[in-house]
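Subject: Handover of a structure and findings

Dear colleague,

Please find below the structure that I am handing over to you.

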Amino acid sequence: MTRRTHVRKRYWNEPEMGWYEKAYLPEILKGLAITGGVFLRNMAKWMTGKKGALTTYYPEETRWDYARGNRGKHVLVQRPDGSPQCIACNLCATVCPAKVIEIEAAFDPADAAHPKYPARFEIDYSRCVFCGLCVEACPEDAIRMEKEVPTLPSPDRHVMWLGKEELLAWKPARDAAKPYPGRPAGDKDRP
Amino acid sequence: MPRLTIDGREIEAKAGQTVMQAARDHGIFIPYFCWHPNLSVPGNCRICVVGVAEKDGGEWVEIACNMPAAEGMVVFTASEKVKARRKATMEFITLNHPVDCGICDKAGECTLQDYHFEYNGAASVSRDAKTHATKHFDLSERIVLDNERCIQCTRCVRFTREISMSNGLGMLDRGDHSIVRPSPDGAFAKDAYSDNVIDLCPVGALLAKDFLHKARVWYLKATPSVCPGCERGCGVNLWHRKDEWKLRSPRQAARNEGIDRVTPIENPAVNGPWVCNKARDLPRLFGRVRATGPLFKGAPAPCEAAVLEARALIAEAKRPVAVVSSWASNEELAAFKAAFGSRFALVAKRDHEPQPGEVVQDDLLIRADKNPNAAGVRAVLGECGTEVPKDADLVLVWGEGFDFRAVPAGAKIVFLNAFLAPENGHADVFLPLSIQTERSGHYTNFAGVTSRFERCFALPPGVLHAEELFGSLVGNGRGA
């Protein structure tokens, strides 16, 4: 029995070049002319104050054309009084596949309707995979995701935590998905 | 000995047993809320209904917890009739339940939750508004009561009447206004076993204030341990965070190390299913500020140098005395004996004495000696003295609770202790030790029952295991 040596399968064709390509120099000059033309055109636009290359100057600039359903930075929904709608049930933290949500719950006996609230609500964006399961798991519609992504550039991955204060960005006034009951008529003096 | 058939299995019940007890003895599960193996039978929750075959082929239903097992009885635990009755019972029990599982600490280990998924699983069919009750009632300094979640099983009431004998709880009013309330004389607040009602409660109506909203229960794991609160040595589960649920946020990392709650382990030979409130306060006992580094006459010293210094002091001493801790495990005592043999004159020490206000001794569990392993010290090291001899020139003090005024003048002191204490600096050499949650071992209780405790946490840096330390304290001179 003869031993068969492994023959590597050939995936690529051999280059087919005519005499013009084989001369090397003209094609090189042609390529240089293209890159040089783009470079000079962009530089001219820069010098005249127009935007040149499609480079985004992150983090000062972010893309404007995120899709409407893009899963970006988390927001904590507020009640009309500004407190977070979150009841600290930890379902988002439990479902999170990257285990990046950490909540410290606290007890408020004064608020009979919402006795449990998050004293701390922290998300580690260095590990978040933006899957959106936290939004789906939430029984109170308290966490959502904006289409804009968080801008947390840092050379240290241990500092990419956002706390409750940073995440409480959602204003109930523009919450079309969950309208709160309006202020009763004749109740103008109350803030 | 009546023989009966449950779900087609023929079993033999003991005389006087109910169907529930006979089924449990043979591993057949019948659901229950109000029934408890150690409490009386009120028969008020009706969830344990089982079907019993009639002679004409029909079937009638009756609660298993209060029905004596009879000869020739044929019992069904999951017939169609029983299932329908159980579903109706679940609908009735949850009629006014607030279903606030999201903020309830019992969620995840709640009997009502489990049974709802098992026996009902449907939304409420009631069109009426739920009745409301007190949401937060301070039952005592330790327990908060949520009357809306309560299903009126009366387990807690019967516990205070039959086990702890404080008669501290009772039911007021009738029907859907029925609520649990403490007696006006404050007996429940003084009940040394009051926290057992938290475990007894099948729902989240009775919650420990110490554990309130601290963690969801699925984040925690239980490590079997032994309560060191007295020489009873009750089996306890120490609940702390699972490794995969350790918090990583720098602002919350402190919550990872520490016991979140304590529950009893049922051990008929020692404690039955109960523990006293002192066991529930173990997190505070173990959470005291620790000694983190060796000291040499009060000044911080490197670990190797301190051990060598202690070794030299022991080697040079002519009449050394060891004051042995009765909080030491049997393994540590054996290591002490193996390392030193009869080098030391031995003195047994009570590390902890009863605190003011503490129940010293009672008929149920609590014992007067507040140390877990005094019997282990006697078993491993034999009878020890109680006073430090006046001619001692070196005293090795092991563990806390020793009055340094008992040390003869001029005698050197080597002190081994786990916690930060003023005495640490008075010793010639001080070495920090591990605590019970950082090692595993055995305690022997006053009745001679040996129980094992497991390690919960890693050893903090700079801290030594006594079991390993004693071997390196033997030898002569300061040389390595």
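The notes below describe the two chains, their contact and some local features.

This is a predicted model, in which local features need pLDDT of at least 70 and side-chain atom pairs count only at pLDDT 80 or more, while totals for chains, interfaces and linings use all residues. Residues are numbered from 1 along each chain as its sequence is written, and chains are lettered from A, with ligands numbered from 1, in the order in which they are written.

**Chain A**

Chain A holds five helices and five strands; helices are DSSP runs of H or I with at least four residues, strands are runs of E with at least two, and both are numbered from the N terminus. Read from the N terminus, the order of its elements is α-α-β-α-β-β-α-β-β-α. Of the 191 residues in chain A, 19% are buried. A residue is termed buried if 20 or more other C-beta atoms lie within 10 Å of its own, exposed if 12 or fewer do, and partly exposed in between, with C-beta atoms placed from the backbone.

The domain assignment divides chain A into domain 1 (20-55) and domain 2 (74-174); such bounds come from an automatic or database domain assignment. The C-alpha centres of these two domains of chain A are 48 Å apart. Among the contacts in chain A with a separation of 6 or more, 70% join residues 24 or more positions apart. Two residues are in contact if their C-beta atoms, placed from the backbone, lie within 7 Å.

**Chain B**

Chain B has 12 helices and 22 strands. Its C-alpha atoms fill a box of roughly 90 × 55 × 45 Å along the principal axes. Of its 480 residues, 41% count as buried. In chain B, residues 24 or more positions apart make up 65% of the contacts with a separation of 6 or more.

For chain B the domain assignment gives domain 1 (3-93), domain 2 (101-208) and domain 3 (295-472). Between the centres of domain 1 and domain 3 of chain B, taken over C-alpha atoms, the separation is 54 Å.

**Where the chains meet**

On the chain B side, 13 residues are in contact with 19 residues of chain A. Those residues of chain B comprise four nonpolar, five polar and four charged. In this classification, Ala, Val, Leu, Ile, Met, Phe, Trp, Tyr, Cys and Pro count as nonpolar, Asp, Glu, Lys and Arg as charged, and the others, Gly among them, as polar.

**Two helix pairs in chain B**

The axes of helix α2 (residues 80-93) and helix α3 (residues 111-120) of chain B come within 9 Å and cross at roughly 140°. Therefore α2(B) is oblique to α3(B). Angles under 35 degrees count as roughly parallel, over 145 as roughly antiparallel, 65 to 115 as roughly perpendicular and the rest as oblique. Axes are lines fitted to C-alpha atoms, for helices over the stretch in contact, and angles run from 0 to 180 degrees between N-to-C directions. From α2(B), the contact involves B:Arg86, B:Lys87, B:Met90 and B:Glu91, and from α3(B), B:Tyr115, B:His116, B:Tyr119 and B:Asn120. By class, three of these residues are nonpolar, two polar and three charged.

In the other pair, the axes of helix α10 (residues 330-340) and helix α11 (residues 374-381) of chain B come within 10 Å and cross at roughly 30°, so α10(B) is roughly parallel to α11(B). B:Asn330, B:Leu333, B:Ala334 and B:Lys337 of α10(B) make the contact with B:Gly376, B:Val377, B:Val380 and B:Leu381 of α11(B). These residues divide into five nonpolar, two polar and one charged.

**Individual residues in chain B**

Most residues other than glycine have a negative phi. B:Arg46, which is not a glycine, has a positive phi of about 65°. B:Arg46 is in the loop between α1 (19-25) and β3 (49-53) of chain B, and counts as partly exposed because it has 19 C-beta neighbours inside 10 Å. B:His213, also not a glycine, has a positive phi of about 60°. The loop between β10 (206-208) and β11 (220-226) of chain B holds B:His213, which is buried, with 23 other C-beta atoms within 10 Å.

Yours sincerely
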